[in-house]
Amino acid sequence: MSENGDDVEKTLRKWATQEVTQQPLCITFPEAQNFELKSGLIHLLPLFQGLENEDPHKFLKEFHVVCSRKKPHAVTEDQIKLRAFLFSVQDAAKEWLYDLPSGSITKWNELTKLFLEKYFPEAKVSNLCSGILGIKQGNREVLHTYWHRFKKRLV
């Protein structure tokens, strides 16, 4: 091999074997003795990808239902939810979570606040309020259909 080829090989070999330092996660997990997430719980968790059409409030409700049903005795809500959340987000939502500053989250309420600020911003709230205020019954729309459509906007 030529001298130039040896340089390329050394560079690639060095790059492929370089040591990677792991950055700490944004979540600082509360102390929990003898606790680990069971695979049964992880498989029941709802998934959130961070897509425009996903409902973050519905996701958090479903997440709460799963975590509260499978909560072991002597384990707090923060302990289980903060650990389980990592397994419940995917794609853009997981990227968002990984981009948060290391150690910036220590409580479940902090995480939900940041999550809703990201995936249910003020502009979306304003649009929904406008939609509720501006809703009208169609000319040939029966009352119960209109009422159902109105109630869906409130949730």
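**Reading the helices**

Modeller: Let's begin with contacts along the chain: among those between residues at least 6 apart in sequence, 61% join residues at least 24 apart. Keep in mind that this is a predicted model.

Colleague: Noted. How many helices and strands does the chain have?

Modeller: Eight helices and zero strands. Reading from the N terminus, the order of elements is α-α-α-α-α-α-α-α. As for burial, 27% of the 155 residues count as buried.

Colleague: Next, helix pairs. What describes two packed helices?

Modeller: The general idea is that you give the angle between the axes and the distance between the axes. Take H3, residues 56-69, and H6, residues 108-119. The axes of H3 and H6 cross at roughly 155° and come within 10 Å. An angle over 145 degrees counts as roughly antiparallel, and H3 and H6 are therefore roughly antiparallel to each other.

Colleague: Which residues of H3 and H6 meet?

Modeller: From H3 you have Pro56, His57, Phe59, Leu60 and Phe63, and they meet Trp108, Thr112, Phe115, Leu116 and Tyr119 in H6. By class, the contact of H3 with H6 has eight nonpolar residues, two polar and no charged.

Colleague: Can we look at one of those residues up close? Leu116, say: where is Leu116 found?

Modeller: Leu116 sits in helix H6. Its relative accessibility is 22%, so Leu116 counts as partly exposed. Leu116 and His57 are 59 residues apart along the chain, with their C-alpha atoms separated by 7.9 Å.

Colleague: Now a second pair. At what angle do H4 and H6 pack?

Modeller: H4, residues 77-88, packs with H6 at an angle of about 40°, and the axes are 9 Å apart. Angles under 35 degrees would count as roughly parallel; H4 and H6 are therefore oblique to each other. On the H4 side the contact is made by Glu77, Asp78, Lys81, Leu82 and Phe85, and on the H6 side by Trp108, Leu111 and Phe115. By class, the contact of H4 with H6 holds five nonpolar, no polar and three charged residues.

Colleague: What about the sides of a helix? Which residues of H6 are buried?

Modeller: In H6 they are Trp108, Leu111, Thr112, Phe115 and Tyr119. These residues cover an arc of only 95° around the axis, which puts them on the same side of H6. Turn to the other side of H6 and you find Asn109 and Lys113 exposed.

Colleague: And which residues are buried in H3?

Modeller: H3 has Pro56, Phe59, Leu60, Phe63, Val66 and Cys67 buried. Their arc around the axis is only 130°, so they lie on the same side of H3. Lys61 and Arg69, on the other side of H3, are exposed. The cover over the buried residues of H3 includes helix H2 (39-44), H4 and H6.

Colleague: How many of the twelve residues of H4 are buried?

Modeller: Nine of the twelve, so H4 is largely enclosed by the rest of the structure. The buried residues of H4 are Gln79, Ile80, Lys81, Leu82, Arg83, Ala84, Phe85, Leu86 and Ser88. H2, H3, H5 and H6 are included in what covers the buried residues of H4.

Colleague: I'd also like to check helix lengths. What span should the twelve residues of H4 have?

Modeller: At 1.5 Å a residue, the twelve residues of H4 should span 16 Å, and the end C-alpha atoms of H4 are 16 Å apart, which agrees.

Colleague: Last one, on the backbone. What is the phi of Asp91 near?

Modeller: In general, most residues other than glycine have a negative phi. Asp91 has a phi near 50°, a positive value in a residue other than glycine. You'll find Asp91 in helix H5, residues 91-99.

Methods
Residues are numbered from 1 along each chain as its sequence is written. This is a predicted model: local features need pLDDT of at least 70, side-chain atom pairs count only at pLDDT 80 or more; totals for chains, interfaces and linings use all residues. Side-chain values use heavy atoms; hydrogens and water are left out. Axes are lines fitted to C-alpha atoms, for helices over the stretch in contact, and angles run from 0 to 180 degrees between N-to-C directions. Helices (H or I, at least four residues) and strands (E, at least two) are DSSP runs, numbered from the N terminus. Angles under 35 degrees count as roughly parallel, over 145 as roughly antiparallel, 65 to 115 as roughly perpendicular and the rest as oblique. Contact means heavy atoms within 4.5 Å. Ala, Val, Leu, Ile, Met, Phe, Trp, Tyr, Cys and Pro count as nonpolar, Asp, Glu, Lys and Arg as charged, and the others, Gly among them, as polar. Buried means under 20% relative accessible area, exposed over 50%, partly exposed in between (1.4 Å probe, protein chains only). The arc is that of the directions from the helix axis to the C-beta atoms. The expected span of a helix is 1.5 Å times one less than its number of residues.
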